[in-house]
Every structure is written in C-alpha cells, then in structure tokens.
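Q: Please take me through the labels used for this model. For each one, I want the value and the cut-off behind it.

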Amino acid sequence: DFDIVALGEPLVELNQTHQEQRQYLQGFGGDTSNAVIAAARQGASCAYLTRVGDDAFGRQFLDLWRAEGVDVSGVEVDREAHTGLYFVQHGPDGHAFSYLRRGSAASLMTPASLESGLIERARFLHVSGISLAISTSACDTVFAAMERARGAGAQVSLDSNLRLRLWPVDRARAILRETMRMADLFLPSMDDMQHLTGNDDPERTLDWIRDGGAEGVVVLKLGKDGSIIDDGGKRTPMPALRVQAVDATGAGDCFAGSLLARRCQGDAWEDAVRYANAAAALSTLGYGAVDPLPRAEQVRERLKELSA
Ligand code: KDG
C-alpha cells in the first residue's frame, strides 16, 4: 500500500542557468511529479498516475521515478502524443515559465486511466490546480480520482497551483471552489488566492475558503511571511525560513510532498509544516524542480541548526 499517490502531468524542464547565454539545463518538472518525488525522498511510499509519450523524455521520466522509488505501475505510455515540456527563465521578479504542452500525453488522460486501483490503496491522493487545468478530460479524471479516494477512505490533498496560462480565471475559480470542498487537505498560496478572490488579506482569504464549504485542514502559504494552518478550529501562523534562493521552481511542490510524507510518519500538523518549510527552503538552493529536492537527512540537519 502507498502513503501517497499523485495524479497529474510531468514536464521535461529546460532551465536557463545563465541569463546572458542561451544555455539551458535539462531537468524534470511537473508539480505533482515534483511533489511525489519530494515525498519519496522523505521516506514515503509513493506512486504516480500519469501518461507520458513513447519518446526519449517519457523514458527518462520512467527511469527517474523508478530511481526515486516511485511506483510506475499506473503510468500509461501514449504511442502518439508527446511528453510535455517547459522552459524556466529567471529575471528580476523571479522565475517565469513557458510551456510546450498542448496535446501532450498527460493532457489526454481520461477516467479510464485510473483502472490500476492504486488510489484505493493510498492514504493520500495528491492533485493540483494544474492537474485540473491541463484539459477537460484531465479535469474529469481528477474528479473521478477524488471520488475513488473518498469511496476508499483515502484522504484528498489539493494544491491550488494556479497557472492562468492554462485556464481562464473564472473557470479556475469555479473548479477550485468545487474541489477544495472535496479535499481533506487544501494547500492554497496567497498569490493564487488573490487572483481568485481579489483580496490580499490572509484572514479574509481563509474565511472565503471556509464560506465556500471547505471542511478539511487548510495551510495557506504566504511566501516569505510563512504560512497559516487552519484546522477548522484554530488558525496557527508558522514562520518562514529565509534562504538565498537560486531558483524557487518546485518549492511549493516540495512543501506539499514533504508535508504529506511527515503526516504519514505521524507528525502533528505544526511539526509537519515546520519540516516542510525547511525542505522547501532547501529545494531553492539549486537550479531545477527535482535535482535540488532535499533528502530527509539534509532536512533534519537543517532543523537541528534552527533549533540550536
Ligand atoms: O511548481 C512548479 C511547476 O509549476 C513546474 O514544475 C512546472 O508543472 C509545472 C507547471 O505546469 O507549471
């Protein structure tokens, strides 16, 4: 059985490491794939549900997941469609993404892609705003996956990961409102929520989420201001960790995967969030979403330094 089964789209990553030169480092991305690898590196047993192309990049992903100990028995290989791709460019305002993903293998997933029965064997199903946004059939698949999870007693974890290049804001708001109600754990970022609600106040944002019918635990991520855990009863602010970030791509995914892994290992919410904060901070110290994802030993070292 699995601690975490994630569902979504992996994207090959080309990351511009030198601004002046046209030089790109190939790595791996895709929010839910990043999250599941982060969780595996913290010791969780994980599986990933997706579709890749029958191409070199699809094979690289299968090798990557296997090397990370992520179960790939639910990964489908599409004979015609390609594996998706994105570029990361860095500027004064942080990183920006460009996508080459339309028509990708993952975007063609349908609820029939869930027949492997993996979700029914998981403690957490992890999905995101990107899993919901890439196509209508992927959106249907996420809903079907959440129904399966609920039917089998697995908990649903949802990261907002709003990417407005992928869907119009009105659709994003409607779908995320519907899905946050089905989530046992909702992980919105303040930036994402500001696009959906038009307000930048964390308390009012949490009220909006509760008024919308979300009943699970909510961890609202405030960037450099840390996060707030809202367990439905009380709201607990958690401090952020300051680091000299090189590339924050995938930091939120590292947070999600590490948080789930620590919950599966029995941590209380505050301990799990503290751990996930440290892991996410460490993940920004190198280029790429996956390569710099820390392992449990590194995170523990970091936490020791902080409490010393
Ligand atoms: O969170 C990082 C991801 O956004 C990145 O790896 C690419 O999945 C991606 C996307 O669709 O933006």
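Q: Why is helix α1 called largely enclosed by the rest of the structure?
A: Because 11 of the 11 residues of α1 (residues 31–41) are buried. Buried means under 20% relative accessible area, exposed means over 50%, and partly exposed lies in between (1.4 Å probe, protein chains only). Among the buried residues of α1 are D31, N34 and R41. Helices are DSSP runs of H or I with at least four residues, strands are runs of E with at least two, and both are numbered from the N terminus. G43 follows α1 and has a positive phi, near 100°.

Q: What kind of model is this, and which atoms and residue numbers are used?
A: The model is predicted: local features need pLDDT of at least 70, side-chain atom pairs count only at pLDDT 80 or more, and totals for chains, interfaces and linings use all residues. Residues are numbered from 1 along each chain as its sequence is written, and side-chain values use heavy atoms, with hydrogens and water left out.

Q: What makes Y86 and F97 an edge-to-face pair?
A: Two values describe such a pair: the distance of the centres and the angle of the planes. Rings of Phe, Tyr and Trp (its six-membered ring) pair if their centres lie within 6.5 Å; planes under 30 degrees apart are stacked, over 60 edge-to-face, and the rest tilted. For Y86 and F97 the values are 5.2 Å and 80°, hence edge-to-face. Y86 sits in strand β7 (residues 84–91) and F97 in strand β8 (residues 94–100), 11 residues apart. Both Y86 and F97 are buried.

Q: Why is the pair of Y86 and Y99 said to tie parts of the chain together?
A: Y86 lies in β7 and Y99 in β8, so the pair joins parts that are 13 residues apart in sequence. The pair of Y86 and Y99 is tilted, with 6.5 Å between centres and 35° between planes.

Q: Why do Y86 and Y99 count as buried?
A: Y86 has 3% relative accessibility, so it counts as buried. Y99 has a relative accessible area of 19%, so it is buried too.

Q: How many aromatic pairs does a search of the whole structure find?
A: The search finds seven. Ring pairs also link F28, Y48, F61 and W65 into a cluster.

Q: What puts R177 over the face of W208?
A: The rule asks for NZ of Lys or CZ of Arg within 6 Å of the ring centre and within 35 degrees of the ring normal. R177 lies over the face of W208, at 4.3 Å from the ring centre. R262 lies over the face of Y275, at 5.1 Å.

Q: Which residues are closest to the ligand?
A: Y86, Y99, R101, R163 and D253 are the closest of the 13 residues that surround the ligand. Near means a heavy atom within 4 Å. A polar side-chain atom of Y86 lies 2.9 Å from an oxygen atom of the ligand. For the side chain of Y99, the distance from an N or O atom to a ligand oxygen is 2.5 Å. For R163 it is 2.8 Å.

Q: Why does R101 count as buried, whereas D201 counts as partly exposed?
A: R101 has 9% relative accessibility, so it is buried. D201 has 28%, so it is partly exposed. R101 is in the loop between β8 and β9 (122–128). D201 is in the loop between α6 (190–197) and α7 (202–211).

Terms used: A polar contact is a pair of N or O atoms within 3.5 Å; within protein, one must be able to donate a hydrogen and the other to accept it, and residues adjacent in sequence count only if both atoms are side-chain atoms.
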